[in-house]
Amino acid sequence: MEALIGALTIFVLAVFVGYEIITKVPPTLHTPLMSGSNAISGIAVIGAILCAGAGDQGNFISALLGFLALVLAMINIVGGFMVTDRMLQMFKKKK
Amino acid sequence: MTLINLAYLVAAIFFILGLKGLSSPRSAPRGNMLGAVGMLIAIIATLVNKEVLSFGWIIAGMVVGSAIGAYIARKVQMTQMPEMVALLNGFGGAASLLVALSQFILTPNVYHTTSWLVALTLSALIGAVTLTGSLVAWAKLQGYAEKALKIPNQNLLRMVLGLGALVLAVLFVWQGGGLILFLLMVASLALGILLVVAIGGADMPVVIALLNSYSGLAAAATGFVLMNNGLIICGSLVGASGIILSKIMCKAMNRSLGSVLFGGAMVSDEQMASIPGKEFYEGKVKSCGAEEVAMMLENAQKVVIAPGYGLAVAQAQHVTQELANTLAKRGVDVKFAIHPVAGRMPGHMNVLLAEAEVPYDKLIEMDNINPEFSQTDVTIVLGANDVTNPAARDDSASPIYGMPILEVDKSRTVIVIKRSLSPGFAGIPNQLFINDNSMMLFGDAKAVLQDLVRAVNEL
């Protein structure tokens, strides 16, 4: 129970932090913001690694599901950060 | 374990600083880099976790995923960013769903506490809805099913399916059981399809932003399954971001989130019946040629270009910038007026123009440019329609009344470059086209602009 309350606290506070930072992002950068958040939502990779790497604790199916999750999360991370950078470089080109 | 959790904290700090960097185009590339570093830290911290016993699947998954991600990121066209974001939203949701299923298999029954089961249920449910919802959104953006699909009794069907999913969720938390989880997943996948399939193309920016938020919330729920702070923090950051963007988009279209999700089309059938047809424009539209417009531009001191998605469809971004440059060289002050829903996703038009090397300080947001129109000599409306319709401001009977618009009609002369008089997403005629100070320049945006550039240069 203690741990759950702790996690909930972190969740709620992080939502507030997110709200504060993201309202400061100018409309010009809203598309990079979305592709960037795609990359950040790839954080599910943490769970995917734990599932795919469970070894003998899991079975073939749990490992396969973990592997698929890992592939998708990595697409989000690599694709998201790279395409965001591509866009942001366009904004930088001319001052 | 303590060290690993500390590493997640460091990663979270990097993510927050990274997002903070997005507050200006100048600091944004560095911010994005900080985010990527944060992700690297989180991944390494997880790999050294002693619960990770075998690396075969992990390495394979990383290599395959990274390769696909890098390929897509390089190949995607800027006009297709909405499709890419929609797809990645779906992948994010799917990853959370798959992790939830895998965790259910992995975790021995003794650890199935109520809170764990609730988290697992949310993670699977939101993940599944995000997955299929995003795939439908992607298909719509690709043009496979652009219109709102009318399913008979769709709201009833959604309600039944939603309630069904809820019952299954409660049952699962109460009893556990793989079969119920499987049924819950199937119901949620169907629900995702049903929720998005009935939403029209004009509302897609809202839908993508909302699904963006869902993908974050699914990740946060997964964080509760694993009791992992890294996931919880990142998930909630993304969740907050998506919600804010959906709110902004709704405001820009004068729609409530509820009416986007449950209302179907933007204009109701009764309103549709009272909309005038072709006779609205009959004899009232003035058209002109490129030479005439070139002359006006030449004599202008201040020109504003109001681009819409038609500009991107015609692939006319670069020639637009060429025209702006040509005029700027002749001492004309040229700015771009950007409506929040000018593209097909938040900020899309800005990216398209940035790609065409339009400096970002020339892109002026709606609220800042509107007071300037009264001092503008010529405004060129390029593939934008509903967002320039003065009826939204003046005519309380109009279906789009109250929607914030670019007040282009206040400038001395308005040139509308358009293929025909066909209506925009709202399906209504545009008052702007018959105003006394408006002139139509018919044709494909790209071809017309090339003519204009040539005509200006010949002067």
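The model is predicted, so local features need pLDDT of at least 70 and side-chain atom pairs count only at pLDDT 80 or more, while totals for chains, interfaces and linings use all residues. Residues are numbered from 1 along each chain as its sequence is written, with chains lettered from A in the order in which they are written.

Chain A has four helices and zero strands, giving the pattern α-α-α-α along the sequence; helices (H or I, at least four residues) and strands (E, at least two) are DSSP runs, numbered from the N terminus. Its radius of gyration is 18 Å, well over the 12 Å from the globule rule for 95 residues, so chain A is more spread out than a compact globule. That radius is taken over C-alpha atoms, and the rule is 2.2 Å times the number of residues to the power 0.38. Along the principal axes, the C-alpha atoms of chain A fill a box of roughly 55 × 35 × 10 Å. Even so, buried residues come to 67% of the 95 in chain A (buried: 20 or more other C-beta atoms within 10 Å of the residue's own, with C-beta atoms placed from the backbone).

On to the interface. Here 94 residues of chain B are in contact with 81 residues of chain A, contact being C-beta atoms, placed from the backbone, within 7 Å. H4(B) supplies the largest share of the chain B side, 17 residues. By class, that side splits into 59 nonpolar, 30 polar and five charged residues. Ala, Val, Leu, Ile, Met, Phe, Trp, Tyr, Cys and Pro count as nonpolar, Asp, Glu, Lys and Arg as charged, and the others, Gly among them, as polar.

Chain B itself is divided into domain 1 (1-53), domain 2 (76-262) and domain 3 (280-458), with bounds from an automatic or database domain assignment. The C-alpha centres of domains 1 and 2 of chain B lie 25 Å apart. Their contact takes seven residues from domain 1 and five from domain 2, and H1(B) gives the most to the domain 1 side, with six residues.

Terms used
Two residues are in contact if their C-beta atoms, placed from the backbone, lie within 7 Å. A residue is buried if 20 or more other C-beta atoms lie within 10 Å of its own, exposed if 12 or fewer, and partly exposed in between; C-beta atoms are placed from the backbone.
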